[in-house]
Amino acid sequence: MEGKTREEVEKSGMIDTWLRKHRLIYTGATRHPLILSIRDGTVDLSAYKRWLGQDYIFVRAFVPFVASILIKAWKECNDATDMEVILSGMASLNDEIAWFKSEAPKWGVQLSDIVPQKANQDYCRFLESLMSTDVEYTVAITAFWAIEAVYQTSFALCLEDGSKTPTELRETCQRWGNDGFGQYCNSLKKIANRRLEKASDDVLSAAEVALLRVLELEVEFWNMSRGDA
Ligand SMILES: Cc1ncc(CN)c(N)n1
């Protein structure tokens, strides 16, 4: 607490404060029926295949978004380790793209034929809006943390003791539910909290709005797997 103003102390740990405040939508995004069905072994495999194809398109659009955050981090010139954390995220996206390419044929999913659904288009458009130089680094990194954390929390749930995740989906759950990915999400969260601690009220509001929008878009993204969009 030393060296911090009362206001800074009150703002610290902002992310957890927001998650408590928006618990309902956070739970909706991290315990979606698709995830719960994977965890209890009742998953409809055509829903999984729909998710797989759409997520490949999303991840391709996610790369330039992460690149834009890397540029913002570099321009801000604050903690040098920020860039390293973001760079490690880009490296894991490289692996993710390779994984989608090897996973899709196993399920008869032709990635070149996938047409992005409305929820995916909305999400990609939102990412693009955050890439603008007008968007503060603090706002973008908060959204970035939320995007990664939703997948980490969701898929980690499918790996917990007692889960009945089908063997053929365990690797998918491991991809985002593993401890290393969890640590990476924690590093992003620390960066976001550190920035939010020093943020103006305007930036704080913008970051909270961005976090909420991510949670809504994640729910809509999972909903696409139902195939009734
Ligand atoms: C929709 C969505 N959200 C998050 C992630 C994790 N990179 C993802 N692959 N797709």
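## Exercise 1: Salt bridges

A search of the whole structure turns up nine salt bridges, each a side-chain nitrogen of Lys or Arg within 4 Å of a carboxyl oxygen of Asp or Glu. Before you start, note that this is a predicted model, where local features need pLDDT of at least 70, side-chain atom pairs count only at pLDDT 80 or more, and totals for chains, interfaces and linings use all residues. Residues are numbered from 1 along each chain as its sequence is written, and side-chain values use heavy atoms, with hydrogens and water left out.

**Task.** Which parts does the salt bridge of lysine 189 with aspartate 16 tie together?

**Solution.** 
- Step 1: check the distance. The closest N and O atoms of lysine 189 and aspartate 16 are 2.9 Å apart.
- Step 2: place the residues. Lysine 189 sits in helix 10 (residues 179–197) and aspartate 16 in helix 2 (residues 14–21), so the bridge joins parts 173 residues apart in sequence. Helices here are DSSP runs (H or I, at least four residues), numbered from the N terminus.
- Step 3: look at accessibility. Lysine 189 is buried at 18% relative accessible area, while aspartate 16 is partly exposed at 33%. The cut-offs are under 20% for buried, over 50% for exposed and in between for partly exposed (1.4 Å probe, protein chains only).

**Task.** Now try aspartate 82: which residue does it form a salt bridge with?

**Solution.** 
- Step 1: the partner is arginine 194, with the closest N and O atoms 2.9 Å apart.
- Step 2: aspartate 82 lies in helix 6 (residues 80–106) and arginine 194 in helix 10, so this pair ties together parts 112 residues apart in sequence.
- Step 3: aspartate 82 is buried, with 1% relative accessibility, and arginine 194 is partly exposed, with 28%.

## Exercise 2: The ligand

**Task.** Which residues surround the ligand?

**Solution.** 
- Step 1: list residues with a heavy atom within 4 Å of the ligand. Among them are Asp55, Phe58, Glu96, Tyr151, Trp176 and Glu218.
- Step 2: look for polar contacts (N or O atoms within 3.5 Å; within protein, one must be able to donate a hydrogen and the other to accept it, and residues adjacent in sequence count only if both atoms are side-chain atoms). An N or O atom in the side chain of aspartate 55 is 2.6 Å from a ligand nitrogen. For glutamate 218, the distance from a side-chain N or O atom to a ligand nitrogen is 2.7 Å.
- Step 3: check the cover. On its own the ligand has 290 Å² of accessible area (Shrake-Rupley method, 1.4 Å probe), and the protein covers 100% of that 290 Å².

## Exercise 3: A serine in a helix

**Task.** Is serine 154 buried or exposed, and which backbone oxygens does its side chain reach?

**Solution.** 
- Step 1: serine 154 belongs to helix 8 (residues 137–157).
- Step 2: serine 154 is buried, at 0% relative accessible area.
- Step 3: the side chain of serine 154 reaches the backbone oxygen of valine 150 at 2.6 Å and the backbone oxygen of threonine 30 at 3.4 Å.

Notes. Near = heavy atom within 4 Å. Helix = DSSP H or I, 4+ residues; strand = E, 2+ residues; numbered from the N terminus.
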